[in-house]
Amino acid sequence: MASLLGDIGGTNARFTIGLADSGDDHAKTYRCADYPDLASIIETFIASLPDSLKPRNGAICVAGPVKGPTAEMTNLPWSVDADVLRNRFSLEFLFLVNDFTAQALAIPYLGEADLFALDRMEAPAGRAMAVLGPGTGLGVSALVPTPDGRWSPLTTEGGHVTMASRTGEEARVLQVLADRYGHVSAERVVSGQGIENIHKALCQITGTPDPEMSAQQIVDSVLTGTEGLPAQTLNLFCGFLGTVASNLALTIGAQGGVFLAGGILPRMPDLVAASNFRSRFEDKGRFREYLSPIPVRIIMHPYPAFLGLAALARDRYSRN
């Protein structure tokens with residue numbers, strides 16, 4: 001039975017049809033800004049499918065807090081109501097979960113080819129795992145083992161924890177952002193918008209004219225060898241990411257590993273590996289020995305959320 005699987009971020013909405021696997025052959029991506037609401041994108045996607053693939057049920061994840069069947073997206077002015085969508089498209093059921101709940105559920109289905117190792121550590125089986133990923137915003141989740149041998153995802157808004165500095169340079173950047181925003185969350189520096197925020201702050205601190213570079217332009221310029229403020233920006237970004245990742249690992253006891261998702265890091269895995277990320281990840285004083293054995297992997301699979309959503313749909317049938 002075909003299932004509608006959707007991954008809705010602040011910039012793009014990705015859809016596919018699948019149940020037993022990720023359904024990558026049918027995946028399509030839509031720019032959210034081109035549509036007035038989520039229902040319009042779903043309608044466009046379903047209309048593109050042959051009759052044999054029309055969905056009978058579905059699972060959708062969104063970048064924002066989910067409360068029952070509804071959600072308010074964090075970086076997009078959309079409200080989502082799963083019951084309304086289920087009725088409109090005549091679906092048997094439609095799950096609505098946070099996007100990083102789906103990312104967490106995908107981890108058991110990822111193979112070595114889907115992961116980029118930032119170290120040589122190997123995790124023991126059956127331990128809690130942390131998931132976080134910078135994209136338009138910063139998603140955070142975790143996967144914890146249950147007594148019956150299953151995995152249970154944690155739905156969090158951990159991207160909005162308060163960001164702390166570790167160096168004087170970081171403190172100066174965070175002060176500039178505090179003057180601008182008040183509260184400076186981890187998302188303000190560990191995300192696409194975060195890369196832009198760091199770069200703007202460095203321009204202000206150094207008295208350099210701001211060229212108004214996008215996150216993609218900053219990353220692309222560094223990957224092609226540009227030094228100066230773009231390289232300094234990504235170095236700070238990786239340091240902040242290391243701090244946030246280790247904070248999360250300590251908070252949930254992620255001895256099963258930390259998995260880095262989102263749309264930014266798969267574009268620059270070698271840069272992250274060569275950065276101060278790992279040293280910052282282990283930089284926790286007396287708890288360095290606790291963190292040093294924990295492996296960290298970048299998720300390279302193009303549609304990891306689909307794997308998690310498909311698992312969610314399969315689980316619904318296995319329990320019935």
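This report walks through helix packing, cysteines and strands in a predicted model.

## Helix packing

Two helices are described, when packed, by the angle between their axes and the distance between those axes. The table gives both values for two pairs in this model.

| Helix pair | Axes come within | Crossing angle |
|---|---|---|
| H5 (residues 192-206) and H6 (residues 215-223) | 8 Å | roughly 75° |
| H4 (residues 168-181) and H7 (residues 229-252) | 11 Å | roughly 95° |

Let's take H5 and H6 to begin with. Their axes cross at roughly 75°, and the two helices are therefore roughly perpendicular to each other. If you want to select the contact in your viewer, pick Gly192, Ile195, Glu196 and His199 on the H5 side, then Ala215, Ile218 and Val219 on the H6 side. By class, the residues of this contact are four nonpolar, two polar and one charged.

Now for H4 and H7. Their axes cross at roughly 95°, which makes H4 roughly perpendicular to H7. Here H4 contributes Glu169, Glu170, Val173 and Leu174, while H7 brings Gln232, Leu236, Gly239 and Phe240. The contact of H4 with H7 divides into four nonpolar, two polar and two charged residues.

## Cysteines

How many disulfides does the structure hold? The number is zero. For cysteine 32, the nearest cysteine sulfur is that of cysteine 61, 11 Å away. Since a disulfide needs a pair of cysteine sulfur atoms within 2.5 Å, cysteine 32 is in no disulfide. Cysteine 61 is likewise in no disulfide, and the nearest cysteine sulfur to it is that of cysteine 32.

Are these two residues buried or exposed? Cysteine 32 is buried, with a relative accessible area of 1%. Cysteine 61 is buried too, and its relative accessible area is 0%.

## Strands and their pairing

Strands of a sheet pair through backbone hydrogen bonds, either parallel or antiparallel.

On the antiparallel side, three strands form an open sheet in the order E5-E6-E7. Strand E5 (66-67) and strand E7 (79-81) stand at the edges. Each of these edge strands has a single partner strand, so one side of each is left without a neighbour in the sheet. Strand E6 (residues 70-72) is joined to E7 by three bridges, and the two run antiparallel.

On the parallel side, strand E4 (residues 57-62) is joined to E8 by five bridges. Within this pairing, alanine 59 has phenylalanine 95 in E8 as its bridge partner. Strand E8 (residues 94-98) is mostly covered, with four of its five residues buried.

## A closer look at aspartate 81

Leaving aside residues up to four places away in sequence, aspartate 81 touches Pro69 and Thr70. For a sense of distance across the model, compare aspartate 81 with alanine 113: the two are 32 residues apart in sequence, and their C-alpha atoms are 36 Å apart in space.

Notes. Residues are numbered from 1 along each chain as its sequence is written. This is a predicted model: local features need pLDDT of at least 70, side-chain atom pairs count only at pLDDT 80 or more; totals for chains, interfaces and linings use all residues. Side-chain values use heavy atoms; hydrogens and water are left out. Axes are lines fitted to C-alpha atoms, for helices over the stretch in contact, and angles run from 0 to 180 degrees between N-to-C directions. Angles under 35 degrees count as roughly parallel, over 145 as roughly antiparallel, 65 to 115 as roughly perpendicular and the rest as oblique. Contact means heavy atoms within 4.5 Å. Ala, Val, Leu, Ile, Met, Phe, Trp, Tyr, Cys and Pro count as nonpolar, Asp, Glu, Lys and Arg as charged, and the others, Gly among them, as polar. Buried means under 20% relative accessible area, exposed over 50%, partly exposed in between (1.4 Å probe, protein chains only). Two strands pair if DSSP finds at least two bridges between them.
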